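Here is a short briefing on one protein chain. Look through the structure, then read the points below.

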Amino acid sequence: MITKITGVLSRVLDEEVRLQAGAFEYQVLVPDFVRRALQSKVGHEVTLHTSHFLDGNPMQGKVVPRLLGFSSEFELEFFELFCTVDKVGTRKAIKALVRPIKEIANAIQRQDSKWLTTLPGVGAATAEQIIATLRRKVTRFAMASEPRPDEGEAPAGAVIDGNLFEDAYQALMALGLSPVEARLRLDKVMGHGQKFSAVAEIIQEIFKGAH
């Protein structure tokens, strides 16, 4: 089993990244908060902490082994804990984790089910189940400072916190952009390394010079 992989980041796609390690290129699935942190690192060597899962339906005769990656063991441990919630499988957990781990852990600890329902695929019943299962288990994730990725520096693109990113994403779609276009616009702005403190600043930067 591969527990950690280091290679040159060759591509960042919607739900995965590609790492070139020697003669092999590895497909590694990543949650969205990891993808955003890595999108400015194309062409650079990165290290991901990994886990495996089987993707597919055995009843349909096709099961594919997948590699899942995180920037730190801290993130991987939280993901594995999140997957212990009843009816939250690996795929659902990958989709849900769009905010930084510490933010999600804090919401669970303060029993904020309304906040948790803002995560993709998490309805009211699932939010309550997450709280009931995990609220006594997430203290160290809520209180700890999140480790930096193994490459040593905080990614240059990680300049928008989870809440601000999500608000900007929703604002762009309200302006008529498709989900894919909204994500691409945000990715481009984040890659500049500029810091933002308000949604209006992000929107202004995105549409600057557009007439």
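pLDDT is the predictor's confidence in each residue, on a scale from 0 to 100. This is a predicted model, in which local features need pLDDT of at least 70, side-chain atom pairs count only at pLDDT 80 or more, and totals for chains, interfaces and linings use all residues. Residues are numbered from 1 along each chain as its sequence is written, and side-chain values use heavy atoms, with hydrogens and water left out.

**Confidence**

- The protein chain has a mean pLDDT of 83. In this chain, 86% of the residues reach 70 or more.
- Over residues 146-159, pLDDT stays under 50. The model has 32 contacts (heavy atoms within 4.5 Å) for residues 146-159, counted beyond four places in sequence.

**Aromatic pairs**

- Rings of Phe, Tyr and Trp (its six-membered ring) pair if their centres lie within 6.5 Å. Planes under 30 degrees apart count as stacked, over 60 as edge-to-face, and the rest as tilted.
- The count by this rule is five aromatic pairs.
- Phe-74 and Phe-141 are a tilted pair, because their ring centres are 5.4 Å apart and their planes stand at 55°. This pair links distant parts of the chain: Phe-74 is in helix 2 (residues 73-82) and Phe-141 is in helix 7 (residues 139-143), 67 residues apart.
- Helices (H or I, at least four residues) are DSSP runs, numbered from the N terminus.
- Phe-78 and Phe-141 have ring centres 5.3 Å apart and planes at 75°, so this pair is edge-to-face. Phe-78 in helix 2 and Phe-141 in helix 7 are 63 residues apart.
- Phe-74, Phe-78, Phe-82 and Phe-141 make up one aromatic cluster.

**Burial**

- Buried means under 20% relative accessible area, exposed means over 50%, and partly exposed lies in between (1.4 Å probe, protein chains only).
- Phe-74 is buried at 10%. Phe-141 is buried at 2%. Phe-78 is buried at 0%.

**Nonpolar cores**

- A nonpolar core is a set of buried Ala, Val, Leu, Ile, Met, Phe, Trp, Tyr and Cys residues joined through side-chain atoms within 4.5 Å.
- The largest core has 45 residues. Phe-78, Phe-82, Ile-104 and Leu-116 have the most contacts inside it. Helix 2 gives the most to this core, six residues.
- A second, separate core has 12 residues, including Leu-177 and Phe-196.

Notes: Helices (H or I, at least four residues) and strands (E, at least two) are DSSP runs, numbered from the N terminus.
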